Amino acid sequence: MIVTHELELFPEITVTLLLFKDVKNSAELRKKAVEGAIAGALVNASMVVDPFQVLVAANKAVHLFKLAKMKTRSLYSEIIFNLSPTNNISDAFRKFGISHDDSTLLIVLVDDGAKHSKLEDIISQVNGQQISVQDISKIADVAKIKKLYKITPVEEKVGHLLDAIICRMSAKDIL
């Protein structure tokens, strides 16, 4: 149900992913995240096709955090920003952050060696059903994702959707 991954470049840091469906308190959770009461990135799960997509964004966010070169104010907002194919921060939050009426939620937690005390606290705040993170591809709105990342039919013939998305996420800084 929970995916925890150690970052290769930063072995002291782990990224934990939690997936929920039928979330009834999205507005409340969003408000808490904006206020800083939730130490995690709240991501619209329908905009993610694979957990690897989020791990790439988290790895980049941690790297920029360590270099003190983040474009946003917090590590968790940087994760949401790094999911976007563009450099527009407010657009990234609109597309990838949780909104008031979202019923699916992906929570991303970054742990630098401290115990997972915040994990149970965050899970208890979500009024929804926790499901396996591997089921995220069933929740993804593929048509919306393809449109956002501007994935062409030709690209889909020569590679996977996830590859095209990771390419767009990675290349946005140099385009």
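Predicted model: local features only at pLDDT ≥ 70, side-chain atom pairs only at ≥ 80, totals over all residues.

Colleague: What makes the radius of gyration of the chain agree with a compact globule?

Modeller: We set the value against a rule. For 175 residues, a compact globule would come out near 16 Å, and the chain has 15 Å, so the two agree. As for its extent, the C-alpha trace spans about 45 × 35 × 30 Å along the principal axes.

Colleague: And how many of the residues count as buried?

Modeller: Of the 175 residues, 48% do. The chain exposes about 9200 Å², with carbon and sulfur atoms supplying 55% of that.

Colleague: Let's take one residue. Where is Asn25?

Modeller: Asn25 sits in the loop between strand 2 (14-21) and helix 1 (26-35).

Colleague: Why is Asn25 called buried?

Modeller: Buried means under 20% relative accessible area. Asn25 has 10% relative accessibility, so Asn25 counts as buried.

Colleague: Which residues does Asn25 touch, leaving out those up to four places away in sequence?

Modeller: Asn25 touches Gln125, Val126 and Asn127.

Colleague: What makes the pair Asn25 and Gln125 a polar contact?

Modeller: A polar atom of the Asn25 side chain lies 2.8 Å from the backbone oxygen of Gln125. The cut-off is 3.5 Å for a pair of N or O atoms, and 2.8 Å is within 3.5 Å.

Methods
Residues numbered from 1 in each chain as written. Heavy atoms only, no water. Rg over C-alpha atoms; globule rule 2.2 N^0.38 Å. Buried < 20%, exposed > 50% of the residue type's maximum accessible area, 1.4 Å probe, protein only. Areas by Shrake-Rupley, 256 points an atom, 1.4 Å probe, with all protein chains shown as cover. Helix = DSSP H or I, 4+ residues; strand = E, 2+ residues; numbered from the N terminus. Polar contact = N/O pair within 3.5 Å; in protein donor to acceptor, adjacent residues only side chain to side chain. Contact = heavy atoms within 4.5 Å.
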